[in-house]
Amino acid sequence: MSNSPKRLEIRLKEREDEYICYKQFSVLVGTFNVNNRQAPTNILLEQWLYQVTDNDEETKEKYIPDIIAVGFQEIDTSGGAYIYDDKKKEDEWEHLVQKTIKSCYGTNNKENIKYELLNRVRLIGILLFVYVRSTHVPKCTLISRASVPTGFMGLAGNKGGVGIRFRFYETDICFVNSHFASGDGQTNRRNDDYQKIESGMAFTDGPTYSFKDYIWYTPTTAVSSAPNPATSNQWWKISDHDIIFWCGDMNYRISQPNEQVRKAINELSTVPLHEKDQLRCEMKLNNVFSGYYEPPIDFMPTYKFDINTDTYDTSEKLRTPSWTDRILYRPKRSKVLNDNQTELESIKPIHYLSANNIKFSDHRPVSGLYSVVIKYECDEKRSSRIREELIREFDRLENDSIPTIEVEPRPPEIKFNHIRYLDKPTYTLKIKNIGECSCLCSISPSSISPSFQCLTFTPNQPYTINVKQEQYVNINFNAKFNVHSISEILILHVENGADTFITLDVTFDHGPFGLALNEYPSTFYDRENKKYIYTIENKFQSEHIVEMINDPPILYISLIDCLKERDDLNLISIFNNDTQDSLDLLPLRDQLYENNFDFTNYSTAQLFMILLHLLQSLRQPLISFEIQDKIFRNRNDNLSKQDDMTKAISIIVEQMQGKERNLFFRLLLLLQKCWPTKGQIEKIENESGDILNICIDILALSILHEHLDRNQRRAFILACLNEENKN
């Protein structure tokens, strides 16, 4: 039987209590949104990292953590700091954390306690450090890190998650630090951020961690983690780990009127507010963090404070106080048996607190201390004996207890027809366990497939389904496309059982999205009246109407001309979170599908954002891949600096086709109209640099797509704007 070796390893793992020696270790996890503040040089963060290691009630001794994982959000959101991958900010925070750890735990001369930085990972303002006591470092192997952006338009790294995984003795541990979408009414967006990070974060022990290399393979257990045939590397998803800690500014709010929340806080009666906490509610509905736990919250809401005070937000926005900063954990097994006798909780919370004396941010830092059971060592003799027993058992019962499922609809056929750009259709699949044993299921593509990235699964996979139980799975498709159709096979894989094939067929109603510029209707100009013809009809009787073969499609011309006439064209306002949260692009999208170019009833932000969507959906970017390769990838000199990039712009323009060049110039003239002045940029960086940073990233992606690295894209767009501003 071909699955016997895998079944053997799974059964062996199920009986690991019989041959594994467990040991308890202390893990300290912290999260802190520092609100774009400098790492302070005159204070340490001792209360944050030390208070949770207070005296053990029984032994009266301090807890000394074996692992310390600290996550920061918004370490630097200024525009200028991200033109290049400046390490200064993360170095400053690393230095502060190291000094704090040394102050908290390094003074124990009796044990000579020291910590080493195992790894760090950063995505824009999201930063994660993992420290391990020096005595344990030799037992830390298979160390890897990864990141997933979920920010603006699903592309920018101002929001998202970073992770570090490693094997600690014999246990696979994963730490994730995330920053979800903000805004009181954005629960679904926060759920989407979680889903994207959970499904998209991939770790590897190889030299790369490309999600495109990974998506075809979806391991469901640690023992089933197999090498990728293309790279012979080992891959892990977040859910593959024995122990997971997930911290961050998750931005979930309290769904209660502001005045009621503040009244409860003033009366020190916050327990009823827990029932209105969005994260707790979404977890109960199994929309996010399935299988995760959080200790009781015995501290006040951690957001939003006036800086350097204990006063909740008194600004014009008067934000509702909320528990935005959280630490969750998930063990693969809730309990284990040590020496096959003593039952131990896999993760036992000891303290879960906020540091109220650290006030330089508008958030309060949160930390937690946990006693974690680690697989310490393996009794090889006992393991071999159990293996032999299982082999004999398999010889007798080879075909017994094979997991069996039934799916509905049957056959499972996902058909999304005439899908429009930005649509999000959903297909519901029911999986029922009709066998005699529990089963473990997951869904993966049958081959390497970029379109699989457009799918999300609610709840997240894998799915453990007990006998006679059923699991409903919502398969969601996010329709941003530049292909004509999708026809693929998905595999519903049952561990140790028979796979089920799911057909995925998607047809698109492209309308004006996902085309090449030469696929749009011709553009016509009335020379007598000196104006463009705003119609896609190409039958004209007048000799004064001529086809403009080098002009961009009339849709782009009409959008850009309309935006140039607007008095409220302000990039910073457009990219503001409040503006983006209130945008509904679907009515405007539908109007474009009807070739109606009357934009009177739409806001400037709607028009500008739909223009960016059109550019990002082009089959080839405005600056073609071929030109990008010639200018940026086939040169020995470095063009990542702004001065060098400026010199390359004239070469790029010369090589562009007529339509592309014309649209490029029109777009730059529009951006010149709304780009902030030097003085405005300095003010923006001080007040809301994150917005400027996002703006640069999205504009660059709209013109170049994701072909170049981020530094080159940013240098290119900044050089273009500076060049335009000189004229």
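Analyst: A nonpolar core is a set of buried Ala, Val, Leu, Ile, Met, Phe, Trp, Tyr and Cys residues joined through side-chain atoms within 4.5 Å; buried means under 20% relative accessible area, exposed over 50%, partly exposed in between (1.4 Å probe, protein chains only). This is a predicted model: local features need pLDDT of at least 70, side-chain atom pairs count only at pLDDT 80 or more, and totals for chains, interfaces and linings use all residues. Residues are numbered from 1 along each chain as its sequence is written, and side-chain values use heavy atoms, with hydrogens and water left out.

User: Which strands stand at the edges of the six-stranded sheet?
Analyst: The sheet is open, has mixed pairing, and runs in the order 3-4-2-1-15-14; two strands pair if DSSP finds at least two bridges between them. Two strands have a single partner each, so one side of each lacks a neighbour in the sheet: strand 3 (115-123) and strand 14 (347-354).

User: What angle does helix 3 make with strand 4?
Analyst: Strand 4 (126-133) pairs with strand 3 in the antiparallel sense, over eight bridges. Helix 3 (88-105) packs on the sheet, touching strands 1, 2, 3 and 4. Axes are lines fitted to C-alpha atoms (for helices, over the stretch in contact, meaning heavy atoms within 4.5 Å), and angles run from 0 to 180 degrees between N-to-C directions. The angle with strand 4 is about 35 degrees.

User: Within what arc do the buried residues of helix 6 fall?
Analyst: Asn-258, Val-261, Arg-262, Ala-264 and Ile-265 are buried in helix 6 (258-266). Using directions from the helix axis to the C-beta atoms, these buried residues line one face because they fall within an arc of 160 degrees.

User: How far apart are the C-alpha atoms of Ser-438 and Gln-469?
Analyst: Ser-438 is in the loop between strands 18 and 19, partly exposed at 42% relative accessible area. Beyond four places in sequence, Ser-438 contacts Pro-403, Asn-433, Ile-465, Asn-466 and Val-467. Gln-469 is 31 residues away along the chain, yet the C-alpha separation is 9.0 Å.

Conventions. Helices (H or I, at least four residues) and strands (E, at least two) are DSSP runs, numbered from the N terminus.
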